[in-house]
Amino acid sequence: MNDREEPILADFLKLVRSMRVVNGIGTMTILGGSRVSDEVIESMKYVNDIFLNMQDLSKTAGEYIARRIGVDAACITAGAASGTVLGIAALIYLRGGGKYTRDILEQGRRMLIAVQKPHRTEFRDLIYIAGPELKEFGDTDIVTEESLRKVIEENPDKILAVMHYAFEPMPGTLPLESVLRIAHSYGIPVIVDAAAELPPKESLTRYYKMGSDLVLFSGGKMLGGLSNSGLMIGRKEIIDAVHEIGPLNEEDTDEGTRIFIGRPMKVSKETIVSTVAAIENFLRIDEDAWLSRIRMMADTIAKMISGIDPDISAKVVMPQWNHPRPVNIPRVQVSFPQGIAAQEISLRLRKFRIPIYTYCMDGRLYINPQCLEEDDIPLIIEGLSHVLHSEKEETGWRN
């Protein structure tokens, strides 16, 4: 880099630094995922200046992770979302749908993925990318075993898999144990989206040990990897099929080189190696000590917020199923007097000199300490004090 270019990069990096926000929501993709450790960064440097057969690297990394955590097989993906597409495409391929993208899509369009109705996550739309239609079962408020059996029996040759979103303890839904028992009795595999279900650490293998055929995790959340990384664990037959049609494989034919459906979801050598490093770090975490530190941070924030104004109350709570996951991390719940809208306060905090991101549920404001540093706490208190003072002047809510 010459002298003329250096200031340009420096200016850009300074600009990026000035865009930072205080993340009081959690490991959200839209806020950059999670912080990565020095070991993760060093692992990327270690592999940066060498070249490898990427298919071999991907398989070797998957085999290493599978041995390390005690599962049948594993594969590093470009996030949990790509795992949904690749997993479904692999099942289509295994059913004889062909290897190339057109073959998979044409066969997939004649298939269905069953999803229970209350699991109305935005990530359900990813199912369509691989071809199948989404088929709901159950009602909005209650899902019975009979409703799952019915959707399978009414579509005996079309149900490719059941997609289960790990939202427990979501009221009224069919638990994974029941989904697995019923689906497997018909020979239908179950894919579990557990993207943000860590911690607890045991969840890394719990869904698989329960009998799930494929389990998907985000690498950029509690695993501590890059935000565009993910982990897929499951039956070896399915993982092998993912490698076969995935982003790092291609095939020479009479028509020229052919790529497969996973190509837009490719992962770099740096992503693969750094994800392995992140998982190693995650396995070494003292989970009790980590949660204790998070709880103390939450207690401190709640106490300081309560001192801002006598009409505002703040306390530490455990979130319900519908909060940003995982739901075993304590949150600070802030309640305001009548006349103050939590949503308005949250929006104004995002316009503070250093934007502060929180979230709202049922008329209350919540702060998740998961991604906060100690230095963020005074900024939160300053921002909330400023916003409330402005709100008071504009609305006279204490008069």
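Contact here means heavy atoms within 4.5 Å. The model is predicted, so local features need pLDDT of at least 70 and side-chain atom pairs count only at pLDDT 80 or more, while totals for chains, interfaces and linings use all residues. Residues are numbered from 1 along each chain as its sequence is written, and side-chain values use heavy atoms, with hydrogens and water left out.

**Stop 1: lysine 99**

Select lysine 99, in the loop between helix 4 (80-94) and helix 5 (101-108). Helices (H or I, at least four residues) and strands (E, at least two) are DSSP runs, numbered from the N terminus. Lysine 99 has a relative accessible area of 18% and is therefore buried; buried means under 20% relative accessible area, exposed over 50%, partly exposed in between (1.4 Å probe, protein chains only).

Show the side chains of glutamate 244 and glutamate 251 next. The side chain of lysine 99 makes a polar contact of 2.8 Å with that of glutamate 244 and another, of 3.0 Å, with that of glutamate 251. A polar contact is a pair of N or O atoms within 3.5 Å; within protein, one must be able to donate a hydrogen and the other to accept it, and residues adjacent in sequence count only if both atoms are side-chain atoms. Leaving out residues up to four places away in sequence, lysine 99 touches Tyr93, Ile104, Glu244, Ile245, Glu251 and Phe260.

**Stop 2: the cavity**

Over the whole structure, a search finds 1 cavity of 30 Å³ or more. On a 1 Å grid over the protein atoms alone, a cavity is a set of points where a 1.4 Å probe fits but cannot get out; lining residues have an atom within 4 Å of a point. Grid points are joined across faces, edges and corners, and a volume is the space filled by probe spheres set on the points. The largest cavity has a volume of about 70 Å³.

To display its lining, select Gln55, Ser58, Cys75, Ile76, Thr77, Leu86, Val242, His243, Gly246, Pro247, Leu248 and Val267. Helix 3 (54-69), strand 2 (73-77) and helix 9 (236-245) each give two or more residues to this lining, and strand 2 supplies the largest share, 3 residues.

**Stop 3: glutamine 116**

Go to strand 3 (residues 112-116), where glutamine 116 is found. Its relative accessibility is 1%, so glutamine 116 counts as buried. The side chains of glutamine 116 and histidine 164 are joined by a polar contact of 3.5 Å. A polar atom of the glutamine 116 side chain also lies 2.8 Å from the backbone nitrogen of leucine 174. Beyond four places in sequence, glutamine 116 touches Arg124, Phe137, Val143, His164, Thr173, Leu174 and Val179.

**Stop 4: leucine 223**

Select leucine 223, in the loop between strand 7 (214-218) and strand 8 (230-234). Leucine 223 counts as buried, at 3% relative accessibility. Apart from neighbours within four places in sequence, leucine 223 is in contact with Leu198, Leu204, Phe217, Ser218, Leu231, Ala278, Ile279 and Phe282.

**Stop 5: the whole chain**

Zoom out to the C-alpha trace, which spans about 75 × 65 × 35 Å along its principal axes. The protein has 13 helices and 15 strands. Buried residues make up 53% of its 399 residues. Among contacts with a separation of 6 or more, 67% are between residues 24 or more positions apart.

Definitions and conventions: 1 Å grid on protein atoms, 1.4 Å probe; cavity = no way out; pocket = protein on both sides within 12 Å on 5 of 7 lines; lining within 4 Å.
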